[in-house]
Amino acid sequence: MINANKKRLRRTMMFLNAQKPSLIKDPYIYKPDSIMLDLEDAVAENQKDAARFSLYHALKSIDYRGCERVVRINGLDTDLWKEDIRCSVAGGCDVIRIPKTETGAMVKAVEDEVIKAEKEFGRPEGSTLIMAALESARGVLNALEVCESSERMIGVALSGGDYTKDLQTHITGTGVELMGARQHMIIAARASGVQCFDTVWTNLDDMDGFREDVQKIHDMGFDGKSIINPRQINVVHEIFTPTQKDIIFAEKVVREIDSKKALGIGVFTVDGKMIDIAFYDGAKRTIELAKASGVYKGEL
């Protein structure tokens with residue numbers, strides 16, 4: 001049975017070096033939706049065992065107060081990833097993030113190891129979810145295959161730095177170099193019913209640029225953004241949380257459609273806007289997002 005939290009709210013996913021107790025002991029105080037405990041790039045090659053030790057004891061002993069615990073394992077091109085999975089599942093992590101994912105077969109290989117670890121450490125079958133980072137042109141092109149490769153899959157995330165290197169370009173701050181990957185990934189994620197997460201914004205001195213970037217990916221349809229600093233959380237949550245105006249309009253749409261369809265009326269107006277049944281699912285999503293974000297005070 002797959003974890004019921006597969007569709008949970010994930011507006012922010014904050015990267016943390018799993019080796020550093022000072023970073024992983026209490027990140028929940030900043031209220032990110034998810035934390036990314038990193039065993040890969042943040043950890044030096046000769047410190048991987050120490051990082052696993054730190055990770056395991058953090059997962060077993062710290063109450064993260066509802067904050068989802070994601071572990072980024074080392075790449076499948078190393079001899080580290082299987083032990084990373086054992087340690088993460090033994091500790092009770094919520095999600096395994098696969099770096100440098102290019103095929104569905106890579107996801108299946110990770111899933112097989114997760115299943116073994118769940119059995120070994122007595123965790124409920126299906127309790128450990130999976131997400132995949134797409135970091136290359138091939139990975140992005142295979143986004144649909146990756147998204148559909150496992151029932152445990154919660155979604156895909158863009159890794160902009162490695163992706164732009166593979167494109168033989170660089171991060172510009174305008175988003176033009178990421179446009180194709182972002183759109184392709186969103187389409188693949190929506191076609192397969194999973195979530196989609198954007199890459200990090202690394203310039204902490206340019207919060208105006210960060211806000212513009214977050215607004216852009218919100219408008220594109222992303223579910224959330226990877227972040228590197230607590231300062232970025234409030235901006236993302238503000239943009240990804242429905243406003244009271246959005247909520248009130250969504251309530252009106254749902255109520256009007258529910259009442260009108262019983263009377264055989266298919267098209268009508270709400271606040272001067274032409275509305276039909278096609279607006280229903282979007283309005284319901286707005287209300288569900290408001291509920292998940294803790295800002296809904298209505299009765300629907």
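In which loop does Thr128 lie? In this predicted model, Thr128 is placed in the loop between helix H4 (104-120) and strand S5 (129-134). Thr128 is counted as buried because its relative accessible area is 0%, where buried means under 20%. Beyond its neighbours within four places in sequence, Thr128 is in contact with Val89, Cys93, Asp94, Ile96, Val114, Glu118, Arg123 and Arg152. Thr128 and Val70 are 58 residues apart along the chain, and their C-alpha atoms are separated by 9.7 Å.

The domain assignment of the protein gives two segments, domain 1 (12-240) and domain 2 (244-293). Taken over C-alpha atoms, the centres of domain 1 and domain 2 are separated by 33 Å.

The nonpolar interior was examined next. In soluble globular proteins, nonpolar side chains tend to be buried together. The largest nonpolar core of this model contains 58 residues, of which Leu37, Leu55, Ile85, Val110, Val156 and Met185 touch the most other members. Apart from this core lies another, of 13 residues, which include Ala250, Ile275, Ala283 and Tyr296. The surroundings of Val110 can be described in detail: with neighbours within four places in sequence left aside, Val110 is in contact with Ile73, Leu76, Trp81, Ile85, Ile96, Ile98 and Ile130.

Rolling a probe the size of a water molecule over the atoms shows where empty space is left. The largest pocket has a volume of about 950 Å³. Its lining consists of 29 residues, and those nearest the centre of the pocket are Phe222, Asp223, Arg285, Thr286 and Leu289. At least two lining residues of the largest pocket are supplied by each of helix H8 (179-192), helix H9 (207-220), helix H10 (233-240) and helix H12 (280-293). Helix H12 gives the most to this lining, with six residues. By residue class, the lining of the largest pocket divides into nine nonpolar, nine polar and 11 charged residues. Both domain 1 and domain 2 take part in the lining of the largest pocket, each with at least three residues.

The second largest pocket holds about 390 Å³ of space. Of the 26 residues that line the second largest pocket, Gly161, Ile171, Thr199, Val200 and Thr202 lie nearest its centre. Helix H7 (160-166) and strand S8 (224-227) each supply at least two residues of this lining, and the largest share, three residues, comes from H7. The lining of the second largest pocket comprises six nonpolar, 11 polar and nine charged residues.

Backbone angles were also inspected. Most residues other than glycine have a negative phi. Lys100, although not a glycine, has a positive phi of about 50 degrees. Lys100 is located in the loop between strand S4 (95-98) and H4. With a relative accessible area of 35%, Lys100 is partly exposed. Gln168 is likewise not a glycine and has a positive phi, of about 65 degrees. The position of Gln168 is in the loop between H7 and H8. Because its relative accessibility is 75%, Gln168 counts as exposed, the term exposed being used for values over 50%.

Conventions:
Residues are numbered from 1 along each chain as its sequence is written. This is a predicted model: local features need pLDDT of at least 70, side-chain atom pairs count only at pLDDT 80 or more; totals for chains, interfaces and linings use all residues. Side-chain values use heavy atoms; hydrogens and water are left out. On a 1 Å grid over the protein atoms alone, a cavity is a set of points where a 1.4 Å probe fits but cannot get out, and a pocket is an open set with protein on both sides within 12 Å along at least five of seven lines; lining residues have an atom within 4 Å of a point. Grid points are joined across faces, edges and corners, and a volume is the space filled by probe spheres set on the points. Helices (H or I, at least four residues) and strands (E, at least two) are DSSP runs, numbered from the N terminus. Ala, Val, Leu, Ile, Met, Phe, Trp, Tyr, Cys and Pro count as nonpolar, Asp, Glu, Lys and Arg as charged, and the others, Gly among them, as polar. Domain bounds come from an automatic or database domain assignment. A nonpolar core is a set of buried Ala, Val, Leu, Ile, Met, Phe, Trp, Tyr and Cys residues joined through side-chain atoms within 4.5 Å. Buried means under 20% relative accessible area, exposed over 50%, partly exposed in between (1.4 Å probe, protein chains only). Contact means heavy atoms within 4.5 Å.
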